[in-house]
Amino acid sequence: MASPFSGVLQLTDLDDFIGPSQECIKPIKVEKKPGNAAAKIRIEDDGSYFQINQDGGSQKLEKAKITLNDCLACSGCVTSAESVLITQQSHKEVYKILKENKAEVPSQQKLVVVSVSPQSRASLAARFNLSIQETAQKLTAFFKQLGVHHVFDTTFSRNFSLLESQREFIQRFKRQKEEKKALPMLASACPGWICYAEKTHGSFIIPYISSTKSPQQVMGSLVKNHFAQEKNVKPSQICHVTVMPCYDKKLEASRQDFFNQEYETRDVDCVITTGEVLQMLEQEGISLCDVEPSPLDTLFSSVVEEEPYGHKGGGSGGYLEHIFRHAAQELFGVHVDEITYKPLKNKDFQEVTLEKDGKVLLQFALAYGFRNIQNLVQKLKRGRCSYHYVEVMACPSGCLNGGGQIRAEGEPSKVLLQRVEQLYDTARTETPEGNAGVEQLYEHWLGGRDSAKAKQALHTQYLAVEKMNTALNIKW
């Protein structure tokens, strides 16, 4: 089975994507009984296990299941067997939720919210030859026909990610002389990169990584906190589904950091990919073109007159460009209008430099794909990294080329990717600072930019995962 996860998780020294083995289990506690005899286990043809007791009787043993959360806590592998790992992260789970909801009386139903990424929207637009606006309206209608109550756009939550990233960079830049690992600041929006960093380079690399949450997880905070308050329901009474361009986002949603202990609910309950949305359309026997458009939900949207908005700076969110422009103005009083990229060894490793009077003031870079990420890490380890900020993404060509996007049929993949990029760029752009809704939420929901509530809702932390000495780490 071809792996749907990012190349960073497949090609590292973690021995990723092996088939499930006897090592790849979550241990089940077995009650010990008096006696010195070793326990005997019988394996039936259907794969079930029985423990043979001393009196000749047998006891069926509970079957262990692996969740994505168990997988994140293990430094061995991320297995490619979705049937084992992703038991609650698929479009089948969405159908299950909607079916259970319809069976309940209205007062007991959950509020189902779907948040769609702009990258997924662009991929669907390319697949069905629609505009970005048409795709947004028809996708909203499709989900609501299935029983979803609200459909939001994660472009809105990305405003927070961009603003918090720029603030964090300015703070790090100002304390770089006192703090050795303040710079370079490395982007944190890509979960494939984060998983690789935690498991492979651990405590060395983590101090460099931004603490700002990704747009998906900021949206999780918005939906399960602010939106729940607005609707006067508990966070656990909302089912939050996101549509994302990569499978790694399923790993991100499963992190323990994004679990609300008080209400026993995740900020994002289920992640489905763009390709899985296409499967849902095919299962319903309809084309997105044939769906009647529906008005867009504007509570958590960057929308003006039914037209979705985006951000400048490429299909991975525009982190580099936004932070570069802001830092140039804030730190050096230089207004940057056009940004010029300098390609290095390949198009997925490029530099952007701010110079004044022959002196380099800022040097940023983007590093996409495993090869370039490895080169970046080696530069850091050798003390030869001159960058102040790096936009790191696991997939070559960034998020628009994520593993969960719709694959090409009957045409070169490069041609499809170019069309997706062109459609993505047709969205009118806005600056996060210019969004009035974002400013209102900072003040009324979070109590200001520097509040403890803002830090909790918009930031997270990363931890090194120690390697385990198991057969999974053997080099053959």
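User: Which ring does the charged end of arginine 449 sit over?

Analyst: Tyrosine 442, with the charged end 4.2 Å from the ring centre. The cut-off for sitting over a ring is NZ of Lys or CZ of Arg within 6 Å of the ring centre and within 35 degrees of the ring normal.

User: And what about lysine 381, which ring is under its charged end?

Analyst: That one is phenylalanine 204, and the distance to the ring centre is 5.7 Å.

User: Before I go on, what sort of model is this?

Analyst: A predicted one: local features need pLDDT of at least 70, side-chain atom pairs count only at pLDDT 80 or more, and totals for chains, interfaces and linings use all residues. Residues are numbered from 1 along each chain as its sequence is written, and side-chain values use heavy atoms, with hydrogens and water left out.

User: OK, sheets. Which strands make up the open sheet, and in what order?

Analyst: Five strands, running E6-E16-E15-E14-E13, with mixed pairing. E6 and E13 (342–343) are the edge strands, each pairing on one side only. Strands are DSSP E runs of at least two residues, helices are H or I runs of at least four, and both are numbered from the N terminus. Two strands pair if DSSP finds at least two bridges between them.

User: Is E16 buried or exposed?

Analyst: Strand E16 (residues 389–393) is mostly covered, with five of its five residues buried. Buried means under 20% relative accessible area, exposed over 50%, and partly exposed is in between (1.4 Å probe, protein chains only). Tyr389, Glu391 and Met393 are on one side, Val390 and Val392 on the other.

User: Switching to aromatics. How many pairs does the search find?

Analyst: The whole structure gives 14 aromatic pairs. Rings of Phe, Tyr and Trp (its six-membered ring) pair if their centres lie within 6.5 Å; planes under 30 degrees apart are stacked, over 60 edge-to-face, the rest tilted. One of the pairs is phenylalanine 173 with phenylalanine 332, at 6.0 Å and 90 degrees, edge-to-face. Those two are 159 residues apart, in helix H7 (residues 155–174) and helix H12 respectively.

User: Why does phenylalanine 173 count as buried, and why is phenylalanine 332 partly exposed?

Analyst: Because phenylalanine 173 has 14% relative accessibility, and because phenylalanine 332 has 24%.

User: Why is the pair of phenylalanine 324 and phenylalanine 364 edge-to-face?

Analyst: Because the ring planes are at 80 degrees, with the centres 5.2 Å apart. Phenylalanine 324 is in H12 and phenylalanine 364 in E15, so the pair ties together parts 40 residues apart in sequence. Both are buried, phenylalanine 324 at 2% and phenylalanine 364 at 0%.

User: Which residues form the aromatic cluster?

Analyst: Phe169, Phe173, Phe324, Phe332, Phe364 and Tyr389.
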